[in-house]
Amino acid sequence: MDHVGILKHLISFDTSVPPGNNYSETVDYLVPLFRQVGCQTQKIEIPTEFASGREGRVALLCHRRDEMKPRLLFYAHIDVVPAQGWDAFNPRIENGKIYGRGAADMKGSIPALLLALERCKDKPLKYNTTVMVTTDEEINQADQLRYLRQFLDPVKGAYFFDLDSNFGYVSIASLGALQLDILVKGKSVHSGLCNLGENAVEKASLLMNALMKLKSKVARRKSKVRAHPNTGLDRMVARLNINMIQGGLKVNIIPDQCQISIDRRLIPEENISDARKEILDTLSGVEDVKWEIADEFAIPTVPPLDDPIADKLEDVMNQVIGVRGKYGEMGSGDLANIVGNEWRGKEFGMGVIRTESNIHGKDEFVYVKDIEDLGEIIYRFLDA
Ligand SMILES: [Zn+2]
């Protein structure tokens with residue numbers, strides 16, 4: 001199995017989303033590789049109603065079924081974020097690194113998995129295993145995952161090994177998310193006659209001041225789950241950030257609208273409805289400001305993984321690279337929510353992303369050695 005060649009080939013398919021082209025071609029390239037390592041493959045076309053109306057969405061499921069064994073699903077995605085200003089789809093190798101869009105997030109995990117499955121080819125696996133290769137992760141794939149469920153059962157109680165993860169530790173938790181767009185209303189008049197108007201930008205600043213007080217209160221909430229030292233944190237911590245503000249038309253007009261966008265991240269011990277109420281109570285406490293919720297989006301929290309499988313993965317990682325560690329991620333995603341809350345499965349992760357990999361940025365890269373080590377770790381994890 002030529003893992004370097006496979007990754008270079010995968011990177012050369014421009015699967016950046018939007019728009020999300022070349023998915024089907026990428027899956028067609030993977031089918032014979034997964035067959036070669038002993039999997040039954042199933043290419044699935046996603047109906048447009050499960051892909052926000054988008055065409056050409058596919059998934060690849062690769063099975064090594066053994067109904068008597070515990071259920072394990074590997075999660076992967078082949079889409080990448082767009083790239084500009086560098087040769088992102090023409091992979092190059094330099095000093096043991098492969099550069100290209102998606103090298104670390106997360107096409108590089110796929111050859112690692114293939115290396116592991118190749119070595120297990122003629123042996124029984126420890127698990128009733130399915131690999132799910134998905135699309136549109138970088139935009140929104142929640143409904144695609146829900147559609148795929150019918151081909152994945154049993155998912156209740158199943159283990160989900162998320163290959164879209166960092167290298168060097170076992171990921172056991174993630175943050176929930178609540179994003180709120182608050183639209184502040186005013187009344188537009190000439191700047192000189194501001195006494196007759198209502199300034200939405202200035203009113204929004206009152207809300208922002210109140211939110212800043214809440215921010216410091218929120219940031220004191222720490223999880224019992226540890227965060228990786230690279231984050232500069234010791235534990236997972238709750239967040240409240242105002243990340244966008246839009247308002248005003250012209251410098252001599254009193255603005256009648258101003259929108260502020262709040263990004264609240266929740267530690268596993270919190271829940272969305274309390275966090276939402278806390279923000280709305282804070283806003284309501286500010287007198288004489290008219291506002292409404294213009295949009296909102298939430299990813300519910302999931303309890304941290306509490307299962308011996310995390311220790312098992314940590315042990316094999318330690319055998320292979322001499323490092324231990326189980327940490328919570330300071331990010332959020334659909335997969336954790338769907339697996340944890342909707343399917344009642346158990347999610348954890350390890351992949352090939354490093355802090356320095358510059359995922360989503362210029363010159364994204366993966367270490368060839370990390371692909372090989374992850375392959376070895378997965379092999380030992382699967383070997384019965
Ligand atoms: Zn990813």
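This is a predicted model: local features need pLDDT of at least 70, side-chain atom pairs count only at pLDDT 80 or more; totals for chains, interfaces and linings use all residues.
Me: Nice. Which strands stand at the edges of the sheet?
Reply: The sheet is open, and its 3 strands follow the order 4-5-17 with antiparallel pairing. Two of them have a single partner strand each, so one side of each lacks a neighbour in the sheet: these are strand 4 (92-94) and strand 17 (365-367).

Me: And which strands does helix 1 touch as it packs on the sheet?
Reply: Neighbouring strands here are turned against each other by 25° on average, direction ignored. The direction of helix 1 makes about 15° with that of strand 5, and the strands helix 1 touches are strand 4, strand 5 and strand 17.

Me: What angle does the direction of helix 10 make with that of strand 17?
Reply: Helix 10 packs on the sheet too, touching strand 5 and strand 17. With the direction of strand 17, the angle is about 55°.

Me: Good to know! Is helix 1 roughly parallel or roughly perpendicular to helix 10?
Reply: The axes of helix 1 (residues 3-12) and helix 10 (residues 368-382) come within 11 Å and cross at roughly 115°. Angles of 65 to 115 degrees count as roughly perpendicular. Helix 1 is therefore, relative to helix 10, roughly perpendicular.

Me: Last one: which residues of helix 10 do His3, Val4 and Leu7 meet?
Reply: The crossing of the two helices is right-handed. From helix 1 come His3, Val4 and Leu7, and the residues they meet in helix 10 are Val368, Ile371 and Glu372.

Key. Residues are numbered from 1 along each chain as its sequence is written. Side-chain values use heavy atoms; hydrogens and water are left out. Axes are lines fitted to C-alpha atoms, for helices over the stretch in contact, and angles run from 0 to 180 degrees between N-to-C directions. Helices (H or I, at least four residues) and strands (E, at least two) are DSSP runs, numbered from the N terminus. Angles under 35 degrees count as roughly parallel, over 145 as roughly antiparallel, 65 to 115 as roughly perpendicular and the rest as oblique. A crossing is left-handed if the near helix is turned anticlockwise from the far one by less than a right angle, and right-handed if clockwise. Contact means heavy atoms within 4.5 Å. Two strands pair if DSSP finds at least two bridges between them.
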